[in-house]
Amino acid sequence: MTDNIKTYLLFAAVFLLIVITGFIQSWNSALFILNMGLISAVMSLGVNLQWGIAGLLNVGIMGFVGLGGLATVLISMQPVPEAWNAGGPRILAGLLFGVLTITLSVWVYKKIKNARWRFFSILIFLVCSFFVYKSILTPGVVAVEAVNPAATGYLGGLGLPVLLAWPVGGLMAAGAAWIIGKTALGLRSDYLAIATLGISEIIIAILRNEDWMTRGVKNVAGIPRPVPYEIDLQASENFVNRAASFGLDPTTASTLFVKIAYAGLFGLVLLVLVWLSQRALNSPWGRMMRAIRDNETAAQAMGKDIKSRHLQIFILGSAVCGIAGAMMTTLDAQLTPGAYQPLRFTFLIWVMVIVGGSGSNLGSILGGFLVWFLWVQVEPIGYWLVDLITAPMDPQSPVRLHLLDSVAQMRLLTMGLFLLLMLRFYPRGMIPEK
Amino acid sequence: MEFLHAVIVLSNFVIIPAITYGSQLALGALGVTLVYGILRFSNFAHGDTMAFGTMVAILFTWWFQSIGVSIAPLPTALLALPIAIVLTALLLLGTDRVVLRFYRKQKSAPVILLIVSLGIMFVYNGLVRFIIGVGDQRFSDGSRFIISARDFKKLTGLDEGLAIKTTQVITVITAVMVVALLFWFLNRTRTGKSMRAFSDNEDLALLSGINPERVVLYTWLIVAALATIAGTLYGLDKSFKPFVYFQLLLPIFAAAIVGGLGNPLGAIAGGFLIAFSEVFITYAWKKVLTYTLPEQFAPSGLMQLLATEYKFAVSFAILLVVLLFKPTGLFKGKSL
């Protein structure tokens, strides 16, 4: 019972922090923290599935989040017919050829038994196919990117409702996780870490450089929203009257309304995922997962297929990260491949999981909110602190100016210290696993 | 003549840069592999350790430049290197004392230490960005070229130039010296032997009276030196940017794993393998092929296999192939 009270108190404290932000700074920034906190909570829930319940070390969260963002563009943007006419079929043919090549080489690998023959035949086959692949793909890519590069220069998406992108983002992340899991699971945990780190860098490199798909660093802006636009709200008489009855002017009311609508959607997703995760954790399946985590040899002796169980949960956790990535891109209403940084999208999520309590779903959600709150607020607090400490100095002194300039970097330092202190003194996190 | 031109172009754009980059990666991978072999965890903070060491070297280079100390034609950074190594060693030993020793005493699982190293990575990263900022820093001075492309053309009368940068020669010479010194230390000295014994079998080493804290101390000293030298050489050759150093983690780990984690010789081989593959695959082969192939086959495109931005994909692909077919690496590494 006391554990439950502690959990409630901790959650209440974090929400109090957000409410205080609302009163001191503005409700807009409080709602921003809440929305991103909800998304962070979904991400850390996904990582907790992998690390907390199954003990799998995934340091490629950024890649799965990025795939979710890509899904948003591919699903919700309007297609660009000129670009499709210019090179669409060619690109599709090239990609199809690539998939066929890989399938065929896997098939050949399984067919040929002689190790040396197998190696050389596959090597030669892959090298030749690569040139064919490039010769099919490149003219298509060039043609597509030449179509009105300032505004489009890419194929666009399918023009479907943006909410559909959330499950699709999850599916795409799951597909990538399947490929990584097939190769790197079953090896030592460090290898999985390096492999996921690598794949996430590659996914982001693809987002940045394949302009025909994502417009690269030119960004895809204006992704359709699942919630009404502020302008439309301000034009609606009903809404303006309703806002006036709360004593708010239409502009503020509309921005708040949009953010609250997002919070409702994200909160719904989070609730569904928490419910599912809690059920999974307490089911026989969850017990088996924890048994595997705690003693692989014993679990194997009991007849559990460790590799395929690991693969299963690795895919599930990555899919959750993909959903979160799609949600985040929807909230931003644009895909900015240049903004994906591993410290922010991979390692910060790790801090959330560890601080909240690995193995506990509620803990990782709490960690998501708290760490995100700190990530946002450390900068103003740090600025104030540095300003206070260096106040006796000459206002133009270079040391003081440099310190005030680099305050933004304080958040990395703080997060690192926070993680180290938690690991040292509360290794089981704020809400420990039961 | 055509063939000679092809060879010169190839050396200028592929072989010399790859050897330089390979030496830098090899030094980095040696640091990772030593920590893995002796302290038994994958140190994700290694890239940021390199960044910290380089940052100290840069700060002292600037100071030396401002008071007019120089060892021209060599870059001033070489003079700052010993100081940077000492300060980096102090940082690493301090980190070990405050953070890592606790987990070592507890005999924590390697995975926990890996996560701890993530925290250390955050702190170092923040520290470096806090002190020197996130921007690009160039700190190479002294003469830029041993032989510039124009001089080479004048000297030989050929159409293609071969430029050798001072930093490239310094990198290779320093790397050879450091590696020779390291192997001499590991194979010939008492401390080096005790380190290898500790890496082979911790319990047996403890039984034969090896002091583990001493082994750990020497490991960190060597790792500090390797990381600082690797980072400074990379910065001299290209430029210093904290984020780039963080990203070096991937090729460095790939090199260490490909060679076999915990095996110093493997780390060197892995470093060169990764560097050569990266440069080979991202190089535009048009010029070389134009010189070597008969005229009617001369390529029209750039003949670049992958855009430079995908160089991570190369280290990653090699890593995957090795993991799939030879999980302990090309040279036999250890597996925990």
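# Questions on a predicted two-chain model

Student: How many helices and strands are there in chain A?

Tutor: The structure is a predicted model. In chain A of this model, the count is 18 helices and two strands.

Student: What radius of gyration does chain A have, and why does it agree with a compact globule?

Tutor: The C-alpha trace of chain A spans about 75 × 60 × 55 Å along its principal axes. A compact globule with 434 residues would have a radius of gyration near 22 Å, so the value for chain A agrees with this, at 24 Å.

Student: What percentage of the contacts in chain A with a separation of 6 or more is between residues 24 or more positions apart?

Tutor: Of the 434 residues in chain A, 44% are buried. Among contacts in chain A with a separation of 6 or more, the share from residues 24 or more positions apart is 82%.

Student: Which residues have the most contacts inside the largest nonpolar core?

Tutor: The largest nonpolar core has 204 residues. Its largest share, 15 residues, comes from helix α2 (residues 27–53) of chain A. A:Val42 touches residues including A:Val269, A:Leu270 and A:Leu273, and also A:Met327. The residues with the most contacts inside the core are A:Val42 and A:Met327.

Student: How many residues are in the second, separate core?

Tutor: This second core includes A:Val144, A:Val147, A:Tyr154 and A:Leu155. Its number of residues is eleven.

Student: Against which helices of chain A do the buried residues of α11(A) pack?

Tutor: The buried residues of α11(A) include A:Tyr262, A:Phe266, A:Val269, A:Leu270 and A:Leu273. Among these, A:Val269, A:Leu270 and A:Leu273 are touched by A:Val42. The helices of chain A against which the buried residues of α11(A) pack are α2, α9 (230–235), α10 (237–245), α12 (284–294), α14 and α16 (361–389).

Student: How far apart do the C-alpha centres of domain 1 and domain 2 of chain A lie?

Tutor: The domain assignment of chain A gives domain 1 as 2–79 + 156–425 and domain 2 as 80–155. Their contact takes seven residues from domain 1 of chain A and twelve residues from domain 2 of chain A. The C-alpha centres of the two domains lie apart by 33 Å.

Student: Which helix gives the most to the side of chain A that touches chain B?

Tutor: The contact takes 35 residues from chain A and 35 residues from chain B. On the chain A side, at least two residues each come from α6 (165–184), α7 (189–209), α15 (342–356) and α18 (410–425). By class, this side has 23 nonpolar, seven polar and five charged residues. The helix that gives the most, with 14 residues, is α7(A).

Student: Why does A:Ala333 count as partly exposed?

Tutor: A:Ala333 is found in the loop between α14 (306–332) and β2 (334–335) of chain A, and its phi is near 60°, a positive value in a residue other than glycine. A residue is buried at 20 or more C-beta neighbours within 10 Å and exposed at 12 or fewer. A:Ala333 counts as partly exposed because its number of C-beta neighbours inside 10 Å is 16.

Student: What is the phi of B:Arg40?

Tutor: Most residues other than glycine have a negative phi. B:Arg40, in the loop between α1 (2–39) and α2 (46–66) of chain B, is not a glycine, yet its phi is positive, at about 65°.

Notes. Residues are numbered from 1 along each chain as its sequence is written. Chains are lettered from A and ligands numbered from 1 in the order in which they are written. This is a predicted model: local features need pLDDT of at least 70, side-chain atom pairs count only at pLDDT 80 or more; totals for chains, interfaces and linings use all residues. Helices (H or I, at least four residues) and strands (E, at least two) are DSSP runs, numbered from the N terminus. The radius of gyration is taken over C-alpha atoms; the globule rule is 2.2 Å times the number of residues to the power 0.38. Two residues are in contact if their C-beta atoms, placed from the backbone, lie within 7 Å. Ala, Val, Leu, Ile, Met, Phe, Trp, Tyr, Cys and Pro count as nonpolar, Asp, Glu, Lys and Arg as charged, and the others, Gly among them, as polar. Domain bounds come from an automatic or database domain assignment. A nonpolar core is a set of buried Ala, Val, Leu, Ile, Met, Phe, Trp, Tyr and Cys residues joined through C-beta atoms within 7 Å. Lists of a residue's contacts leave out its neighbours within four places in sequence.
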